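Please read the points below beside the model.

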Amino acid sequence: MRTSAVAGIVFTNVHDETMEQLTEFRSMAAVPFGARYRLIDFPLSNLINAGVYNVGLIIKEKYRSLMDHVGSGIYWDLDRKNGGLHLMPPYNTRSARRYNSYIEALYGAIDFVERCNAEYIVTYSAGIVANVNLAKAIESHTKSDADITVVCHRRPGLADRSIGLNIDADGRVTDVFAENDLSTLGIMIFKREVLLRLVRQAYQNDATDISPKDVAAMIKKLRVFGFCHEGYAAIMHGKESFYEANMDLLDANVRHDLFCKDRPILTKTRDDMPTRFGTESVVKNAFIADGCVIEGTVRNSVLFRGVKVAKGAVVENSILMQGTEVKAQAEIDHVVSDKNAVIGEKMVLKGNDQKTLMIGKKQTL
């Protein structure tokens, strides 16, 4: 299939309200993840790995950090004359009003959908951590002559954050909210004309979202199929899911699935010095980016670029974002710190499996 036959749309502010402090100064798409990435890296990488080089980002608010990260799209090979990366501003192009719902956001992107001349449109929520083989999903969509293909996944707990599905032996979706663990993953493939028709109808009817009831109605009227993603997947729907997904990276199998060589996850390049480990440092089961200075103890934790752990400090079961400093003799456990936070000398912060403690951006304790 030619690359121009498919275009992508990424929702960058989806579920911002569920992530509390992490989205206070940035959109969901710009939330840091996995020591050196941002959440936007997963949809952009999955799309270009499938040969989709015409991608629109629907942005609404708090997008400075996102714009700084994606730039012209050059790190994902989206800096090009034909197609490339398109930024869709937070105001509806037809009514000049700011969108407040999924349908209004898509309606504001109708000009992009109409002008891209693609036969198929992939819509993608930025809060999904997965390395999806979209090329196979698109191939399945075209072979089945589906109007809509829903990318889904079998993982306990995901159904609480999305819509459960029933799929027959031919791959066709037959029911929603079925009693199984198969649930939607926030990725859908549409025939372009089908998407345009559905969005226009929903907008005229003042609908704000595609509800399970709407999905059930579509199943009766349209050819809706499912494509099951077999690898690792996580949906960001709160600080607990964010914490769990980062900690999952301590499992080598998860890392190998997410960051496979055949479909690399690309990000903005930043050159830095290698991480330096002190003579008395102790590090066990940690995922650590470059540019860190580790002189204390780090166990079962994810450390972003430039983190400093002083001598005598202990970091356990925690996620420390870029530039965080843990001073001498401090002890932290089950903590998530935003960028450039400082944990003072002899400070003790301990959460648990039920409650993770949050430290805000540039906050000093």
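Two strands are said to pair if DSSP finds at least two bridges between them. Helices (H or I, at least four residues) and strands (E, at least two) are DSSP runs, numbered from the N terminus. This is a predicted model, in which local features need pLDDT of at least 70 and side-chain atom pairs count only at pLDDT 80 or more, while totals for chains, interfaces and linings use all residues. Residues are numbered from 1 along each chain as its sequence is written, and side-chain values use heavy atoms, with hydrogens and water left out.

1. Pairing of β1. Strand β1 pairs with strand β6 (residues 120-125) in the parallel sense, over six bridges. Within β6, Ser 125 is the bridge partner of Phe 11. A parallel pairing over four bridges also links β1 to strand β4 (residues 54-58). There, Leu 57 of β4 is the bridge partner of Val 10.

2. Burial of β1. Buried means under 20% relative accessible area, exposed over 50%, and partly exposed in between (1.4 Å probe, protein chains only). Six of the six residues of β1 (residues 6-11) are buried, so the strand is largely enclosed by the rest of the structure. Val 6, Gly 8 and Val 10 point one way from β1, whereas Ala 7, Ile 9 and Phe 11 point the other way, and all are buried.

3. Helix α8. Seven of the 10 residues of helix α8 (residues 239-248) are buried, and the helix is mostly covered. The buried residues are Lys 239, Ser 241, Phe 242, Tyr 243, Ala 245, Asn 246 and Met 247. Their cover, counted by contact (heavy atoms within 4.5 Å), includes β2 (32-33), β13 (233-235), β19 (302-303), β22 (319-320), β25 (335-337) and β28 (357-359).

4. Ser 241. This residue belongs to helix α8. Ser 241 counts as buried because its relative accessibility is 5%. Its side chain reaches the backbone oxygen of Gly 238 at 2.8 Å.

5. Cavities. On a 1 Å grid over the protein atoms alone, a cavity is a set of points where a 1.4 Å probe fits but cannot get out, and lining residues have an atom within 4 Å of a point. Grid points are joined across faces, edges and corners, and a volume is the space filled by probe spheres set on the points. The structure holds two cavities of 30 Å³ or more. The second largest cavity has about 30 Å³ of space.

6. Lining of the second largest cavity. Which residues line the second largest cavity? They are Leu 106, Ile 110, Val 113, Leu 195, Leu 196 and Val 199. Helices α4 (110-115) and α6 (192-204) each supply at least two residues of this lining, and α6 gives the largest share, three residues. By class, the lining has six nonpolar, no polar and no charged residues. Here Ala, Val, Leu, Ile, Met, Phe, Trp, Tyr, Cys and Pro count as nonpolar, Asp, Glu, Lys and Arg as charged, and the others, Gly among them, as polar.

7. Positive phi at Asn 317. Most residues other than glycine have a negative phi. Asn 317 is not a glycine, yet has a positive phi of about 50°. Asn 317 lies in the loop between β21 (314-316) and β22, and is buried, with a relative accessible area of 17%.

8. Positive phi at Gln 329. Gln 329, also a residue other than glycine, has a positive phi near 70°. Gln 329 is in the loop between β23 (325-326) and β24 (331-333). Is Gln 329 buried or partly exposed? Gln 329 counts as partly exposed, at 44% relative accessibility.

Key:
1 Å grid on protein atoms, 1.4 Å probe; cavity = no way out; pocket = protein on both sides within 12 Å on 5 of 7 lines; lining within 4 Å. Polar contact = N/O pair within 3.5 Å; in protein donor to acceptor, adjacent residues only side chain to side chain.
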